[in-house]
Amino acid sequence: MSDSEVPGCPYCDALEGRCRSEPLAFDDGRFAVFMGRYQPTGPGYALVVPRRHVQDLHSLPDQDCGPMLQMVRRTSAAVRQAFDASGTTVILNNGSPGQSVPHLHFPVVPRRPGDGYPRRSDVPEREDALIRQALALEAALGESDV
């Protein structure tokens, strides 16, 4: 285990392959994007995380702030393209009460007319569907010029 990982952090465990995880769509060693198991508006819900464990935005090194936001913007564009979304809502989970994982993450929520957001899906998406979504998002991220 490296000193950039935190034991018991679900995202660190997933990124290091120590647990069953949501499929990765992107990982450049600095940031990773994976599909969220609970999809509040249908296919395409993605999470952008720093690969290194960072609890909140205030702990993100200055040199990573710009690149992280660029990755979020790139992911937002790719979600729109890959999942025929008319837009996205980007959320900053910043160590606030109710945050389920204490690892900085930006959920990218695909938006479509009449999607009923905000609501939480109580049923996890099937793993095979998540893998297909990760592959579609991976392809769109590869085509992205943002």
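Axes are lines fitted to C-alpha atoms, for helices over the stretch in contact, and angles run from 0 to 180 degrees between N-to-C directions. Helices (H or I, at least four residues) and strands (E, at least two) are DSSP runs, numbered from the N terminus. The model is predicted, so local features need pLDDT of at least 70 and side-chain atom pairs pLDDT 80 or more, while totals for chains, interfaces and linings use all residues. Residues are numbered from 1 along each chain as its sequence is written, and side-chain values use heavy atoms, without hydrogens and water.

**Exercise 1.** Describe how helix α2 and helix α3 cross.

Solution. 
Step 1. Two packed helices are described by the angle between their axes and the distance between the axes.
Step 2. The axes of α2 (residues 62-82) and α3 (residues 127-143) come within 8 Å, and they cross at roughly 120°.
Step 3. Angles under 35 degrees count as roughly parallel, over 145 as roughly antiparallel, 65 to 115 as roughly perpendicular and the rest as oblique. α2 and α3 are therefore oblique to each other.

**Exercise 2.** List the residues with which α2 and α3 meet.

Solution. 
Step 1. Contact means heavy atoms within 4.5 Å.
Step 2. From α2 come M71, R74, T75, A78, V79, Q81 and A82; from α3 come A136, L137, A140, L141, G142 and E143.
Step 3. Sorted by class, this contact holds 8 nonpolar, 3 polar and 2 charged residues (nonpolar: Ala, Val, Leu, Ile, Met, Phe, Trp, Tyr, Cys and Pro; charged: Asp, Glu, Lys and Arg; polar: the others, Gly among them).

**Exercise 3.** State whether V79 is buried or exposed, and what V79 is in contact with.

Solution. 
Step 1. V79 lies in α2.
Step 2. Buried means under 20% relative accessible area, exposed over 50%, partly exposed in between (1.4 Å probe, protein chains only). V79 has a relative accessible area of 0%, so V79 is buried.
Step 3. Leaving aside neighbours within four places in sequence, V79 is in contact with G44, A46, D84, A85, T88, V108, P110 and L137.
Step 4. The C-alpha atoms of V79 and A140 are separated by 7.6 Å, and the two residues are 61 residues apart along the chain.

**Exercise 4.** Do the burial step for V72.

Solution. 
Step 1. V72 is also found in α2.
Step 2. V72 has 4% relative accessibility and therefore counts as buried.
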